[in-house]
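Q: Could you walk me through this structure, taking the pockets, the ligand and a few local details in turn?

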Amino acid sequence: MKILISDKLGQAGLDLLDTLEDVSYDMKTGLSKDELIAIMPEYDGLIIRSGTRPDADIIAAGSNLKVIGRAGIGVDNIDLEAATKHGVTVVNTPRANSIATAEQTLALMLSMNRFTAQSHASVGAGNWNRGDYVGTELYGKTLGVIGFGYIGRLVTARAQAFGMKVVAADPYVSVEAAAELDVELLPLDGLLAVADMITLHAIVTDETKEMINAESISKMKDGVMLVNVARGKLVNEEELAAALQSGKVAAAGLDVFYSEPPENCPLIGLPNVTHTPHLGASSKEAQAAVGIQIVEQVVKVLKGEEPDYWVNK
Ligand code: MLT
């Protein structure tokens, strides 16, 4: 059984693969679509992160392909319909990098509020302008969590530890389930109206795509702050940039962008934006856990066993 790893995978995953006698692998990153199509027939399994985008052509070219393993959570870069049509099982690692993502969310919240990135650059440029960087505290503020799944709840617990009140919006969660975690579940508009800071933890669907836009921003408090460690396509970047320039949105902490790397993105370089290059899952611990878990899932499928995290079952 032969696996192609087409994005960088944590060493722990490769080490696990090395121990398996009946499985071999090639790690070939940065391949173009045509290069991928040319070599796909050689492989029974494909392991990717967010860089590779297995579309219908790539999947169809995989005449021996049985499984695509997404080392991470989001499967928006995979044509799931094509995979299902071709009988290709898609698996992911839904919880392995969640703590890293929650911690990155808090890192951006703290950085935004205390001007960490801006003041770091200023000191590096030889300045010592303490008065320019008087921040705000998380303590006592209301955090609005949009998407109250596993990561949203990890963020909630950490925000509560900072003394924040948390409200959440999620059509798939009950008021009671949220209340058990001391969280008030609100309709989206209700959350937008009361939150001092908003953090996105939703997946991209027809319903959520560009849900942060001029209209939803107009329903937010003046001076609200926004964090996005989920997916860039949740945000209309032009309309958020306009709101950051007008001051309606005081600051944004952005780890993800509409296209990655960002192309002509109006948010890049704005003085009130703290941006990072999709590092949510990039902790050593998360990469090790994701690497091991995706190898386990892919090998299960190749051996004819039922995987634990079967996305297109
Ligand atoms: C995920 O979906 O797991 C994260 O965005 C991390 C990644 O893309 O590698």
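**Pocket, ligand and local details**

A: The second largest pocket has a lining of 13 residues, and those nearest its centre are Leu31, Leu36, Gly51, Thr52 and Arg53. On a 1 Å grid over the protein atoms alone, a pocket is an open set of points with protein on both sides within 12 Å along at least five of seven lines, while a cavity is a set where a 1.4 Å probe fits but cannot get out, and lining residues have an atom within 4 Å of a point. This is a predicted model, in which local features need pLDDT of at least 70 and side-chain atom pairs count only at pLDDT 80 or more, whereas totals for chains, interfaces and linings use all residues. Residues are numbered from 1 along each chain as its sequence is written, and side-chain values use heavy atoms, with hydrogens and water left out.

Q: How much space lies in that second largest pocket, and what classes of residue make up its lining?
A: The second largest pocket holds about 180 Å³ of space, a volume being the space filled by probe spheres set on the points, which are joined across faces, edges and corners. Its lining has 3 nonpolar, 6 polar and 4 charged residues, where Ala, Val, Leu, Ile, Met, Phe, Trp, Tyr, Cys and Pro count as nonpolar, Asp, Glu, Lys and Arg as charged, and the others, Gly among them, as polar.

Q: OK, and which residues are around the ligand?
A: Around the ligand are Arg49, Ser50, Arg70, Gly72, Ile73, Gly74, Asn97, Arg231, His278 and Ala281, each with a heavy atom within 4 Å of it.

Q: What is the distance from histidine 278 to an oxygen atom of the ligand?
A: A polar side-chain atom of histidine 278 is 2.7 Å from a ligand oxygen. For arginine 70, a side-chain N or O atom lies 2.8 Å from an oxygen of the ligand, and for arginine 49 the corresponding distance is 3.4 Å. A polar contact here is a pair of N or O atoms within 3.5 Å; within protein, one must be able to donate a hydrogen and the other to accept it, and residues adjacent in sequence count only if both atoms are side-chain atoms.

Q: Switching topic, how many cavities of 30 Å³ or more are there?
A: The structure has 1 cavity of 30 Å³ or more. The largest cavity holds about 40 Å³ of space, and its lining consists of Asn228, Gly232, Val235, Glu237, Leu240, Leu254, Val256, Phe257 and Leu267, which divide into 6 nonpolar, 2 polar and 1 charged.

Q: Which peptide bond is cis, and where does its proline lie?
A: The bond from glutamate 260 to proline 261 is cis, with omega near -5°. Proline 261 sits in the loop between strand 11 (249-254) and strand 12 (273-275), strands being DSSP runs of E of at least two residues and helices runs of H or I of at least four, numbered from the N terminus.

Q: And what does glutamine 118 touch?
A: Leaving out residues up to four places away in sequence, glutamine 118 touches Tyr133, Pro271, Asn272 and Thr274, with contact meaning heavy atoms within 4.5 Å. A polar atom of the glutamine 118 side chain is 3.0 Å from the backbone oxygen of proline 271.
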